[in-house]
Amino acid sequence: MQINPLPTSSNNGISGEWIPAFNNQETTTYTFIPNQETCGSDVQVTIEVIPNELPEFSIEQEFCANQNDFPELPTLSNNGIEGTWIPEEISEDTTAYVFTPSSSCSEEFSLEISFVPGDDPIFDLPTELCQGTQFVLPNTSENGINGTWSPVFDPQNSAQYTFTPAEEFCATSLTINIEITNQNLSAVEDQIPANIEQNCSQELPEVPEIELSEVCGVAAITFEEIAESGNCPTTEMITRNWTVLDADEEVLATYTQIITLVDNQAPFFTVLPSDEILNCDEQWPDDANVQAEDDCSEVSISIEEEIIEDADCSQNFTLIRTFIASDECGNEAEEQQIIEFVDNQGPEFDEDLPTSIQVECGEIPQVIEPEVFDACGEVNSLELTENELDNCEVGKVTERIWKATDNCGNTSTYALALVEECQPVVYQGISPNNDGLNDYLEIEGISCYPVNKLEIYNRYGNNVFSTNNYGQDGNFFKGNDQSGNQLVTGTYFFVFNYKKNTSDSFKDIKGYVYINRSK
């Protein structure tokens, strides 16, 4: 440092000069010679020159350009010289640094710092991962740079990660973004069939092929089917499991479908007997041929019989056969056969009984009860009715009708015709007074002899009345003569000629008839 410590004027105002000139390199004795115009004495001064000291530092002069923090510049040199630096801190913006000592006897110190460009760490890292992927960020780059990552890898969320090289490496830091993509396992779940319940007779649904093209991070899907028996032989619970695996065969998800096979349908009859109505005396029917089937298991058939009697008729009753078809799971189907036993036939008369008997006219035999029986019960009553009929073909008929009734109210009849071959009977008196009694001459059986002739004679033998086809169309003798005049009370004679058919010969009946006109 160029400092001239020799002033040309003394403290007390004496001017002069120093000899020799100031030398700042070595110790020298100097003489001050006052100017001639001054009255002063020479003065000698020895100035010791202390050699300048150079500051010494142990500072690295080469740094990694991308270094985040640099050492502080020391304000005290290794050899004890204090001072200041310009600039005060190491920065990549400046390469030249000057240390200025606080002491004048120390020299400035200049420092040149160089910044070496750092190596870029090289990594082959994914920029996108599926959610849940177990991934480790490597601590050594492919070009051999060790370091650490921050923050810790998060497999659930997208994040930015920074690699900081270790201090012993001059390398740049590296920041990457890893996008976490939803695995979209719902695309798998949507393809899993829902739980179902179906009848044991139905075929199992096919196992679907799961499409993985839209699913992230799924490497494979395994399938397993487990069948467990139910509470009866034909029921099952089938569990279908799909397991979703990633590339490391780690389980990402498991999905299940349960198929429950139930047997809730009853058997069905394939052969059933028809209902029947049988007479009470017919043979009790054997067990019917009944057949039933079931879609899932064997069928057993049981028969229950119930008899319902008729309160009014013990011979009438209903047999109800209930057929019960049961499968191995207890499902049942029922059908019925109704067999009615009825007593709808009346008692039976002896088949050898005659239906007609020829008897002499007027000789009707006494009543003899016919033999009768009932096939199912008893004959409660046997009633007889007797009617007299004119049967022009055979003669006078006495009809005896027996009505037999059993204890169920069924009836049957037996009719016996007693046939009398009788001639017409001419009554012997009339009273033509219009009282409705005997007002004309009645001839019993006249309807069977339409071909006839009636002649009436008085006691003198004179013919007073004559007519053909007597008894037809109101043609009767009412006590009047042929001209319509009333005949007097008295006895008259008649001749009645008749025949049944036009081809027959006439027969005659002669007798008398009395006309009574008295009131």
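Colleague: Why does Ser297 count as buried?

Modeller: Its relative accessibility is 12%. Buried means under 20% relative accessible area, exposed means over 50%, and partly exposed is in between (1.4 Å probe, protein chains only). The value of 12% for Ser297 falls under 20%, so Ser297 is buried.

Colleague: What are these values taken from?

Modeller: This is a predicted model: local features need pLDDT of at least 70, side-chain atom pairs count only at pLDDT 80 or more, and totals for chains, interfaces and linings use all residues. Residues are numbered from 1 along each chain as its sequence is written, and side-chain values use heavy atoms, with hydrogens and water left out.

Colleague: Where is Ser297 placed, and what does Ser297 touch?

Modeller: Ser297 sits in the loop between strand 19 and strand 20. Strands (E, at least two residues) and helices (H or I, at least four) are DSSP runs, numbered from the N terminus. Leaving aside residues up to four places away in sequence, Ser297 touches Thr234, Asp263, Asp327 and Glu328. Contact here means heavy atoms within 4.5 Å.

Colleague: How far is the backbone nitrogen of Glu328 from a polar atom of the Ser297 side chain?

Modeller: The distance is 3.2 Å. A polar contact is a pair of N or O atoms within 3.5 Å; within protein, one must be able to donate a hydrogen and the other to accept it, and residues adjacent in sequence count only if both atoms are side-chain atoms.

Colleague: What makes Cys200 and Cys296 a disulfide?

Modeller: A disulfide is a pair of cysteine sulfur atoms within 2.5 Å. Cys200 and Cys296 have an S to S distance of 1.8 Å, so the pair qualifies. Cys200 lies in the loop between strand 13 (196–199) and strand 14 (220–229), and Cys296 in the loop between strand 19 (291–293) and strand 20 (299–309), so the link ties together parts that are 96 residues apart in sequence.

Colleague: How exposed or buried are Cys200 and Cys296?

Modeller: Cys200 has a relative accessible area of 19% and is buried. Cys296, with 22%, is partly exposed.

Colleague: How many disulfides are there by this rule?

Modeller: The count comes to 4. Among them is Cys64 to Cys170, with S to S at 2.1 Å.

Colleague: Why is the disulfide of Cys64 and Cys170 called right-handed?

Modeller: The torsion about its S-S bond is about 90 degrees, so the disulfide is right-handed. Cys64 lies in strand 4 (residues 62–64), while Cys170 is in the loop between strand 11 (159–165) and strand 12 (174–181), so parts 106 residues apart in sequence are tied together. Cys64 is buried at 10%. Cys170 is partly exposed at 27%.

Colleague: What about Cys313 and Cys408?

Modeller: A disulfide joins them, with S to S at 1.4 Å. The link is right-handed too, with 55 degrees about the S-S bond. Cys313 has 3% relative accessibility and counts as buried.

Colleague: What makes a set of residues a nonpolar core?

Modeller: A nonpolar core is a set of buried Ala, Val, Leu, Ile, Met, Phe, Trp, Tyr and Cys residues joined through side-chain atoms within 4.5 Å. The largest one here has 21 residues; Leu441, Leu454, Ile456, Phe477 and Phe496 have the most contacts inside it. Strand 32 (451–457), strand 33 (463–468), strand 34 (490–499) and strand 35 (507–515) each give two or more residues to this core. Strand 34 gives the most, with 4 residues. A second, separate core of 14 residues includes Ala65, Ile81, Phe99 and Ile113. In soluble globular proteins, nonpolar side chains tend to be buried together.

Colleague: Why is Val152 called exposed?

Modeller: Val152 has a relative accessible area of 74%, so it is exposed. Val152 lies in the loop between strand 10 (147–150) and strand 11. Pro151 is also placed in the loop between strand 10 and strand 11, and the peptide bond from Ser150 to Pro151 is cis, with omega near -5 degrees.

Colleague: What is noted about phi of Asp473?

Modeller: Phi of Asp473 is near 55 degrees, a positive value in a residue other than glycine. Asp473 is in the loop between strand 33 and strand 34, and is exposed at 83%.
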